[in-house]
Amino acid sequence: MKVQRVVVVTGGAHATSVTDEGAHDVPLRELLRLDDLAADLGRLLDATGSVTDEEPPPPGAGTLVVGAIGVLDGLAASGADMRWVVGLRLQRLRAVRDAATFGLAAGVAADDLWDWVQDGRGAAVYGRADVALARPAVVATDLADTFGEYARITMPGVTDLPTALAEYLRAA
Amino acid sequence: MPSHEERDSSPARRAAPRPTPARAHPDPQATAVDVTGPPTSRAHVLALQRAVGNRHVADLMSGRTVQRAGTLDEPVVDAVEQRLAEAVSAQRSGDSTGAPRSGPPAPRAGTSAGAGRPPVVQRMRTLLGALHTALFGRAGNVVRPGLFGRARGPGPAVNPGLVGRFLQLLVRRVRQVHQQARPAPAQAPAALAVPVAPVPGAFAAPMVSAAIVAAAMRWPTLRRIATSLGLDPAAVAPTVASALPPGPTGPSATVPSATGPGTTGPSTTGPVGTQATGPAPVGPVGQPGPGGPGGPPARTDTLVPGLYQSIDPKAGLPGWTFTDIPDDRPDEVSIETLVRAPGGQAGRMVRTYQKGTRTLVLAEAFLHRIPKQDRWLPISPPMTARGTPLETYLTIRAMKILEATYGASFYGRSRPVHISTIINERSMAHIGAAAKKGVPLDEAARTCHSVQYATNAIVQSGGTIESVTFSIGTGRWVEARHIKDQQLLADYQLAPGDKVPYWFDIDIEVKGATTT
C-alpha cells in the first residue's frame, strides 16, 4: 500500500496517572508519544504524519488512520475501509483476533506500544501472514498469536515499533 | 551450667568468699539484708552474690532489701559484680571495712581473681561460661517454700538463652498463626500487627522473630510440625516461600489469566494522595497465589472488613505509579491499568465492564515482569499475612473506577463475572486432566487456577462463588504438547496427546449480600 498521509487519532482520550503525590490527568497523546509515532511513521513511509484529537478523516486513498479500539468502532460503524486502518493499543490477548475481525491493515498490541513508549522497542505487528516482506520476518504460530490469516509478525534486526510497522505497511 | 567457682586451693582463695553468680548456694538462714552501699560484712557479700544470681539488682540499686527474684538489666549486673569483686579483693587484702580499694578496679568475679591460674585460662573459662549462658540460659533463684520457711533456691531460668528464646519465639509464632487461622465466626478477624511476645531481656524485633521462624521452616522436621498444626509453612514464614518446593497451585508466570470478579460497593474516600499502608499482620492463612508455584499464600476465603472500601483509585502508594486508561465503547468500557513498581518494572491489567449484562470481565493481566516480592502491597488493612496481592489491588481499583465513573455497582451484590480467553497453562492442564478422568468441566473449572485467582476480588467485594460454568467459546481443544511448561504435564499426569482447552471462558455467578 502506498501511504501518503498518516493520521493518528487520539479521540481526545485522557489517562489518569496516580502516584504517591496524587492523581492527575495526562492526555493520551502525550502519554503514548503519539506525535513521535506519527512523525516516525511519516518519515519511514515517506508520507506526512500528523495527530488529531478530532474526528478521524476517511481512511483510504493514501490516508492511513491509526487509532485505538474506540476509533476502530466508530470507523467500522461508519463503513470506512478498514484496510487503511491500523489498530493501536489492542488488548494483547485479543490483538490478532481484533485485527482479523476488523480486517485491519495492521494491529499493534498494547504491550508492544508500551514497550516502544518506555524503551523504544515494541517491534511487533499483527498483520496478514501472507504478506511478502522485504526483509526476513518471523510469523508466529502460537495459538495465541494467530487467527485466520493474521498473525504476530516480528523482523529480526528491527527493534522499534515504527520501523516494524512501516516495513509491514510498505509490503502490504 | 558451669560453675564459676574457683578451684584454686591457695590459702588466700580459701579465706575469701568465692564469687558464685547464678545458682549460688542457697542459704536458708539468709534474711533480708540492706545491700546498698559498700559491702561491710560477709553477710553483705553473700547477699550480693545471691543478688547477682537472683537478679535482685533492681532491688539493690533502689535501696530496697533483697526479697525476691526480679528482672535484670545487664549493666546493673556488671555494677553489682564489680562491687562484689571489690569486696572480695578488699577482704583478701585484709581490709575489714570491705570498702573498695582506690585505684584500678579489682578483677571481676569469675575472672582471673584467683591466684595460680593463668589469666588466659581464666578468661577462656569465663568466655566459655558466658557462651554457655548465652546459649542455654541461666537459672534464676526463686523463693520456694522450705522446711524452715521461705528460702531461695535454683529456679526456672529467667534468662533462657538464645536456644530457649528461639524455641519460645517459634512456639509463640506458631500459636499466633494457628490462632488466627481459625475460621472467623461472623466477622473476619481484624488485621493485627505482629504481636511477638517479648522474651524478658530479648532484643529481637518482630522481624527477627519472623526471620528465626523462617529459618526454622527450612528444617523439614519443623515444617512437618507446622503442617501437622494445620498451618501452611509458607504462612508461618512467608520469607522462605521461595525455598519451598513448588506446589500444585500457583499461576503460571508465562501466561496471564484473566480472573477476578468485581463487586459493587460504597465508594470510600481514602486518604488524599496516599493509600493507607501498614505492616503485614498475622492474618488468616490462605491458599497459594500469585507468588508462583509454592509461593506464599495470596488468597483467603474470608472477607477482610474495610479492605475493599480502603482502596482508592486516586490514592497512590509509595514508589508505585498507576496509569488508568479507559476505553469507552458502546457496549462495554475497559480500564487498562499500567503499573510501574518501585524498581521500575512495568505491568498491565485490563478489566472490562459489560454495560448491558453488568458483567465484570477479567480480560488480561501481565504482571510477571514485576518481582514476586513486589507483588505484595503493604496496604491497610491487608488481605493476608503477607499483604495484599497486586492483582487483587489492581482489580479492585478498576472496579472502583467503574463504579465511580461508569455506573457499575459491585460490592455485596450478586453479579456475573466473566473470565475470558483463558490461556493460563496451569488452568489448561488442570481442566484437561479433570476431563480425562471424566470430571464434569464445570466442576473442574471451579477448582482451576484461574478461578482460584479470581476468588480474591470476589471475596473481598462481599461475594461468594455460587456457580462456575466452563465454556470453550471461541477457543478449542488442543493437544497438551502445546503447553510450554512441560512440567505441568507431569504434574497433572497428562500425555502430550491428551486434550486440553485453550482460549476458553469461565463464567462465575457471584452471590452477594444484596440482590438487585
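Visitor: In which sense do strand E7 and strand E8 of chain B pair, and over how many bridges?
Guide: In this predicted model, E7 of chain B spans residues 346-354 and E8 of chain B spans residues 359-366. One of the bridges joins Thr352(B) to Val361(B) in E8(B). The pairing is antiparallel, and the number of bridges is seven.

Visitor: Which strands are the edges of the open sheet?
Guide: The sheet has nine strands with mixed pairing, in the order E3(A)-E2(A)-E5(B)-E6(B)-E7(B)-E8(B)-E11(B)-E15(B)-E12(B). An edge strand here pairs on one side only. The edges are E3 (22-27) of chain A and E12 (463-471) of chain B.

Visitor: By what angle are neighbouring strands of this sheet turned against each other on average?
Guide: Direction is ignored for this average. The value is 20°.

Visitor: Which helix packs on the sheet, and what angle does its direction make with that of E6(B)?
Guide: The helix is H5 of chain A, residues 110-119.

Visitor: Which strand gives the most to the lining of the largest cavity?
Guide: Six cavities reach 30 Å³ or more, and the largest has a volume of about 130 Å³. Its lining includes Arg89(A), Asp98(A), Arg329(B) and Val350(B); by class, the lining has seven charged, three nonpolar and two polar residues. E6 (85-90) of chain A and E6 (332-340) of chain B each supply at least two lining residues. With three residues, the strand that gives the most is E6(B).

Note on methods. Residues numbered from 1 in each chain as written. Chains lettered and ligands numbered in written order. Predicted model: local features only at pLDDT ≥ 70, side-chain atom pairs only at ≥ 80, totals over all residues. Heavy atoms only, no water. 1 Å grid on protein atoms, 1.4 Å probe; cavity = no way out; pocket = protein on both sides within 12 Å on 5 of 7 lines; lining within 4 Å. Points joined across faces, edges and corners; volume = space filled by probe spheres on them. Helix = DSSP H or I, 4+ residues; strand = E, 2+ residues; numbered from the N terminus. Nonpolar A, V, L, I, M, F, W, Y, C, P; charged D, E, K, R; others polar. Pairing = 2+ DSSP bridges. Axes fitted to C-alpha atoms, helices over the stretch in contact; angles between N-to-C directions. Contact = heavy atoms within 4.5 Å.
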